Every structure is written in structure tokens, then in C-alpha cells.
Amino acid sequence: MTQAPQRADYKDTLPNNFPYDYDYDAVDPKIKLRTKRVREAMSGADVRGALAQGVEIAGITAGEAQGVAANANSRSIDTQNRLNDQLAAATEGDNSLKEVVDARRPAGAANAYKTIGNRMDEMPTGKEINELKNNLQNLVLVDRHRLTYKSAAVGLSPHAGVRVPTADFEFKHLANMGLSATFVVMLNVADKNDSNVQMPEDTIISKAISEATAAGVSVTMIKPHIGVSFMDWLDRGTYEPRDWSAFWTNWRKIMLHYAGICDANRIPILCLGTEQYKCTDASMIEQWGALTAAIRSQYPNLKLTYAALGEEYFDEKHGQIAQYLDFMGANFYPSYTYKMVQPGNAGGITIDELSRIFYTGHTGYHEMVDFYKKKYNVPTFVTETGVMPTDDGLVHLVTDNNFPQASDPTQQTGRFETPALAMEAFFNGLAQNPNIIGFNWWGVGYPFHFFNELGDSVAEDVMKKYVKGGLV
């Protein structure tokens with residue numbers, strides 16, 4: 001046997017020119033994750049660590065392959081034994097007993113039972129099978145990552161076009177699924193440069209709390225959104241106050257006000273802003289430090305987060321705000337696939353293919369979640385994620401289809417298979433990262449709704465399975 005060299009011999013100066021002799025898409029995602037680090041990591045220690053883990057994973061895969069081969073060999077021996085039994089019966093001239101003889105020998109056993117009755121006496125009972133099933137289910141549950149916060153977004157606005165959430169509809173369904181509520185409170189500006197952000201009357205919050213309480217639903221977070229006419233009609237990424245000094249003075253008052261409401265109503269989390277890209281510029285970092293210090297001095301038990309745009313979250317300069325937070329927040333709306341969702345998912349879109357989105361890109365979602373935990377010691381709260389219930393909802397954030405709004409929100413229909421698939425992908429993908437602490441599913445109202453009063457939402461069933469069923 002020829003011995004392979006023990007050390008590398010750095011003498012070949014030519015660049016790699018390997019043939020295209022394997023399918024990159026067929027590579028195990030776990031190995032692909034490590035090879036990406038080997039190709040891109042600048043630290044030698046990181047490269048060696050990735051190489052070591054890749055070798056370990058390959059070893060496990062090889063071991064599993066050996067197990068499969070051994071199992072195949074065992075099956076071959078068992079087949080030969082069965083054939084011998086049947087040939088013996090045929091030789092004795094009793095061909096009708098072939099199947100009986102075959103049934104006496106369990107798969108893989110060297111010897112057959114004398115009678116089928118003897119074998120059946122040793123078979124597990126229905127009770128024993130159920131106990132085994134329950135034990136296996138418990139093992140699955142133990143191995144899953146559990147989130148601390150599980151909520152859905154409930155919009156609150158004084159605008160006449162926004163439905164007031166009630167115990168009989170929105171909160172009833174949240175209770176059915178085991179979800180808490182995140183109150184998205186709409187603030188008002190005249191335009192993207194208006195420094196004077198205005199709050200609505202607090203009665204919209206107190207009424208929503210009463211309705212939620214009546215349905216047995218708790219409130220996890222108050223999450224203010226800057227908008228025009230108290231509506232979500234502003235690209236907050238472009239919001240840039242004319243007078244920054246006036247803005248920060250006013251913003252501190254607003255945040256302290258909502259911190260007081262959280263404290264008085266036992267709401268554990270306050271979100272300090274949403275998608276305000278220009279407000280999280282590195283030049284503004286001291287303002288966030290002063291704001292959080294002011295809140296913590298009065299409400300030390302209140303948890304603080306900020307709901308970053310995807311591009312904010314993936315930008316380390318904007319992400320510096322994490323040093324002042326309990327949780328780094330992120331609004332994630334990935335394009336999961338290019339495929340359209342058919343009724344009943346007849347096209348066969350799989351959860352595995354959708355979950356891959358959290359591992360792809362120059363810097364993957366999991367990699368950034370781990371980055372914030374490692375650098376700032378804060379977990380990530382997915383402050384928004386969701387899809388429209390349309391056939392193209394996994395492709396686009398906003399549908400290309402004509403998607404009319406029903407006059408009665410409780411009767412609003414949709415392709416609910418789409419959010420159901422997105423939930424499965426999120427709960428089995430990104431939500432299994434141990435550095436994810438919670439999520440806020442967007443949302444309970446049109447056009448991102450995922451339930452109605454018609455009882456036809458598979459998405460509500462999926463959410464209930466994972467949240468109320470204890471799988472996430």
C-alpha cells in the first residue's frame with residue numbers, strides 16, 4: 001500500500017485548473033458551508049478549523065455509507081435464508097406452505113420460529129408501539145432549539161383605513177396558534193424629511209391591550225413605525241430629518257413615553273426604531289447610546305431592540321447599534337425560490353430547498369446571526385418576516401398579481417400554502433440557530449394575512465403546530 005505524503009509540498013505555482021467533474025449543487029450543505037470559509041476566510045486559524053470540520057463531516061458520511069453497505073449485506077443473507085426455506089418446502093412437495101415458512105423467519109434472523117404463533121407472541125403490542133412512538137417524538141423535541149418570543153404583528157393606527165383589532169378575530173386566532181402580539185404603532189410625519197415625528201393617542205394601545213387580554217393573548221413588544229398619515233406609506237430607509245438635533249430630542253421623548261407604557265403593562269420589549277437606515281449611520285452611534293442609557297436609567301428591566309433593514313443588519317457599520325441593545329433586530333424578507341406555489345403545493349416545493357436561502361449569499365443569514373452574538377454578545381430577534389399569500393409570494397415581497405382586498409377582513413382569502421411553506425422553512429432553518437431568540441411574523445392584516453374566519457388556512461395550522469405544539 002502506497003503511503004500518501006504527510007506534509008504539503010508548496011512547489012506548484014500554477015493556479016487551480018480542476019476539471020468540472022462534480023455537481024456543486026449536490027454537495028452536502030454542511031460541507032459547502034465549511035468550504036466557503038476555506039475559500040474566503042482571511043484567518044489561517046479559521047481556514048484550518050473549517051478544513052478540520054469538513055474532514056470530520058466527510059468521515060461521518062463515509063461511516064454512514066459503510067453502515068448502508070453492511071445493512072445491504074445483511075439483507076442479502078436474509079434473502080438467501082428465505083430462499084432456502086422455500087426451496088426446502090418445495091422439495092418436500094408442499095408448495096402451499098412457502099409463504100407460511102417465509103413468515104416464520106424475521107428479517108435478518110439466522111433461525112426461523114417453529115410456528116407463526118410463536119413469532120406473533122413476541123411481536124410488540126399496539127400499546128408498546130405507541131410508547132415507542134412517543135419516545136421518538138420526545139427525542140425529536142429535545143433536539144430542537146426553542147425560541148423565547150413567538151409573536152405576530154398587529155398594526156395600530158388612528159387612520160380610518162386601518163381595522164381595529166378585536167378579541168373576536170385577530171386575537172382569537174393568535175390565541176389558537178399560541179402566539180403573542182407585537183403592537184406596530186404607526187407614527188406620523190409629513191414627509192421623509194420631517195423632523196417632528198408625531199405619536200397617535202395612547203387609546204389605540206390601551207384598547208388593543210384590553211382586546212388581547214380578553215382573548216388570553218399577551219403582548220411581547222411595542223414597535224413604532226414612522227409613516228405618512230399614520231400609515232405604512234413611507235420608505236423609512238430614505239427618512240432623513242432636516243433638523244437632526246430636533247429629531248433626536250423628540251425621538252428620545254417618544255421612546256421614553258413608550259417605554260413607560262411597556263413598563264406599566266408588563267410588555268417586555270421596546271423596539272427603538274424600524275428600518276431607519278440613515279438614523280443608524282455610524283455618525284449617529286452616540287445618539288443611540290444616550291437614548292438607551294436614558295431608558296435604562298428609568299426602566300432597567302425593559303429589553304431593547306431595533307428592527308434593522310436587511311442591508312442595515314448585514315452592514316457592520318450600521319450594526320454597531322447592537323452594542324446598546326439586548327437583542328439585535330432584523331427584518332428578513334428573503335426571496336425563497338423562483339417557483340410558483342400551486343394549490344395544495346401540487347408542484348412539490350420542498351422545505352429543504354426553501355431553507356437553503358438562509359445559507360446562501362456572500363454572507364449567509366446564519367453567519368451574521370453568529371457574528372452579532374460573537375462580537376456584541378447579543379442574540380438576534382427576527383423583528384419581521386412573512387410572505388404574501390399569493391402564488392408568487394415565495395418569489396417577491398410584493399405580488400405581481402391582482403390581489404384585491406375583501407370588504408370584510410375576516411373573509412379575506414389567499415393562497416395560504418405560501419405562508420405555510422415559508423413558516424416551515426423558517427422554523428426548520430434560521431429559527432434553529434441557537435442565537436435566534438424570537439420572531440414577529442408579519443402580519444395579521446391584508447396583504448400579508450395568513451388566516452381568516454373561513455377555516456381554510458393551512459398556514460394557521462402550521463403556525464399552531466410549531467408554536468402551540470412546542471416545536472419552536
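How many bridges join strand E5 to strand E6? In this predicted model, there are 4 of them, linking residues 303–308 of E5 with residues 327–331 of E6, and the two strands run parallel. Within this part of the sheet, alanine 308 sits opposite alanine 330 of E6.

Stepping back to the whole chain, the protein has 14 helices and 8 strands. Of its 472 residues, 43% count as buried. Take the contacts between residues at least 6 apart in sequence: 76% of these join residues at least 24 apart.

Helix H9 (residues 285–298) is next. Its 14 residues reach 21 Å from the first C-alpha to the last, close to the 20 Å expected at 1.5 Å a residue. The buried residues of H9 are Ile285, Trp288, Gly289, Leu291, Thr292, Ala294 and Ile295, and they pack against H8, E4 and E5. An α-helix has 3.6 residues a turn, so residues three or four places apart point the same way.

As for helix-on-helix packing, H6 (residues 170–177) and H14 (residues 458–467) meet at an angle of about 50°, with their axes 8 Å apart. That angle makes H6 oblique to H14. On the H6 side the contact is made by His173, Asn176 and Met177, and on the H14 side by Glu460, Met463, Lys464 and Val467. Sorted by class, this contact has 3 nonpolar, 2 polar and 2 charged residues.

Most residues other than glycine have a negative phi, and most peptide bonds are trans. Tryptophan 442 and glycine 443, however, are joined by a cis peptide bond with omega of about -10°, and glycine 443 lies in the loop between strand E8 (436–441) and H14. A cis bond also joins tyrosine 446 and proline 447, with omega of about 5°; proline 447 is found in the loop between E8 and H14. Phenylalanine 230, in the loop between E3 and H8, has a positive phi near 55° and is buried, at 17% relative accessible area. Glutamate 275, in the loop between E4 and H9, also has a positive phi near 55°, and its 13% relative accessibility counts as buried.

Note on methods. Residues numbered from 1 in each chain as written. Predicted model: local features only at pLDDT ≥ 70, side-chain atom pairs only at ≥ 80, totals over all residues. Heavy atoms only, no water. Pairing = 2+ DSSP bridges. Axes fitted to C-alpha atoms, helices over the stretch in contact; angles between N-to-C directions. Parallel < 35°, antiparallel > 145°, perpendicular 65-115°, else oblique. Contact = heavy atoms within 4.5 Å. Nonpolar A, V, L, I, M, F, W, Y, C, P; charged D, E, K, R; others polar. Expected span 1.5 Å × (residues − 1). Buried < 20%, exposed > 50% of the residue type's maximum accessible area, 1.4 Å probe, protein only.
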